Protein chains: 2
Amino acid sequence: MGSATIFFWLQLPNVTKSYRTALTITGIVTLIATYHYIRIFNSWSEAFTVASKDGGDYAVQLTGAPFNDGYRYVDWLLTVPLLLIELILVMKLPREETVSLSWKLGLASALMVALGYPGEIQEDLAVRWFWWCLSMIPFCYVVFTLAVGLNEATSKQPSPAAASLASAARYLTVLSWCTYPFVYMVKSVGLAGPAATMYEQVGYSLADVLAKAVFGVLIWAIAAEKSAVEESGKLLPN
Amino acid sequence: MGSATIFFWLQLPNVTKSYRTALTITGIVTLIATYHYIRIFNSWSEAFTVASKDGGDYAVQLTGAPFNDGYRYVDWLLTVPLLLIELILVMKLPREETVSLSWKLGLASALMVALGYPGEIQEDLAVRWFWWCLSMIPFCYVVFTLAVGLNEATSKQPSPAAASLASAARYLTVLSWCTYPFVYMVKSVGLAGPAATMYEQVGYSLADVLAKAVFGVLIWAIAAEKSAVEESGKLLPN
């Protein structure tokens, strides 16, 4: 995540001015994630200890300190609206549409994260499902708007390469976003204990790398391609 | 590794735009390695303690905390595909060839690292050899593709200096890559205990400096030479 941030920011001079705000935000998203993953890592290390008893096999034990999953939700509350905004900005829509889409998708996605948290910290399966369902309402609205919106935007891209990248961004958005509700369900279907916690953490981490770093690389590729098209247009005599 | 990162990034304005992405990634590879070597260093320090008993000779003792070699594999999983991509980018092949080679070599090398890990954490010699053999399949594919691909690319370089640098990159790639399977074998041929662990760590560390920092300097030299050729071409009256 940290390397992705540096990559996006070092690429700022290589894209035209129109795409620098999108690329700046792309790097901010992975920077915020870097900070929270350090917090998650430290919280994890403090919650578990690995030691060998009397020189025998190594075993994992609880230290008594709780593992705090709240860092993930604070991260998402900040990064999810931002990464929707970076996608809207790189599409370079008309100004009014950019502002209205940013507000609508930004608020809906923040609501989605906020509604997920009360269920995540619950052991009661019925309560977990209740918040999962509530959170899925803004989730479906955002994913549907993106899938449809990106389809339209794809057809308006200035070159075939930009169109194919926008199409890839669309598939990656739907794929990576749909991972989260499934990972959330790991504990809701009755799995519990250390194995369920491990699968949940691995699942969320993989989905985060896809939705933030890999998605960011696509945003950068779209920005670079559109910049190249714009610059070659300027240099041509017509 | 950290110094190499700073060197590569400070050199960014000294190469033309075509080579800046390659140089940015070269610095990211050594940055990721810096981070993991700090983790490896700390894990090593926590696993062993040096103390003198009753004022006598100093002796190394186990603390009970395990030395975690997983950091190396996480590092390789991220850096090995990236350093192949930096090499492909600096060759400045046609766009489609760049994309297809990056995917093929990136995925094959990630698979190579992933297949090596289950054997690395094994004491059972037969199981170690099994994973070593599996990992050698993508290894041979990548090294062969590089050796052949770099041979072709060498002949297309824009100046004799660039050609000789590309040729050096080719030899360094084959030499440094072939070090890893031999170091892996240290424990597979029956060597065990602290001495084997020490030889393994020294071997992997030396191979990493060659494959990341020294290799990165070659990538920078190729980028600098080709930038100079491109800029002198622009200044000529033809």
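**Reading aromatic contacts**

Modeller: Let's start with a charge and a ring: the charged end of R128(A) sits over the ring of Y184(A), 5.1 Å from the ring's centre. Keep in mind that this is a predicted model.

Biologist: What does R128(B) lie over?

Modeller: The face of Y184(B), with 5.1 Å to the ring centre.

Biologist: Now ring against ring. What describes a pair of aromatic rings?

Modeller: You give the distance of the centres and the angle of the planes. Over all chains, the count here comes to 24 aromatic pairs. Take Y73(A) and W76(A): their centres are 4.9 Å apart and their planes stand at 65°, so this pair is edge-to-face, since over 60 degrees counts as edge-to-face.

Biologist: How are Y73(A) and W76(A) placed in helix α3 of chain A?

Modeller: They are three residues apart in that helix, residues 70-91, which means about one helical turn separates them.

Biologist: Buried or exposed, Y73(A) and W76(A)?

Modeller: Buried: Y73(A) has 6% relative accessibility, and W76(A) has 7%. W76(A) also pairs with Y180(A), again edge-to-face, at 5.3 Å centre to centre and 85° between the planes.

Biologist: Which parts does the pair of W76(A) and Y180(A) tie together?

Modeller: W76(A) is in helix α3 and Y180(A) in helix α6 (residues 160-188), both of chain A, so the pair ties together parts 104 residues apart in sequence. Y180(A) is buried too, with a relative accessible area of 17%, because buried means under 20%.

Biologist: Which residues do ring pairs link into a cluster?

Modeller: Y73(A), W76(A), Y117(A), Y180(A) and Y204(A).

Key
Residues numbered from 1 in each chain as written. Chains lettered and ligands numbered in written order. Predicted model: local features only at pLDDT ≥ 70, side-chain atom pairs only at ≥ 80, totals over all residues. Heavy atoms only, no water. Phe/Tyr/Trp six-rings, centres within 6.5 Å; stacked < 30°, edge-to-face > 60°. Helix = DSSP H or I, 4+ residues; strand = E, 2+ residues; numbered from the N terminus. Buried < 20%, exposed > 50% of the residue type's maximum accessible area, 1.4 Å probe, protein only. Lys NZ or Arg CZ within 6 Å of the ring centre and 35° of its normal.
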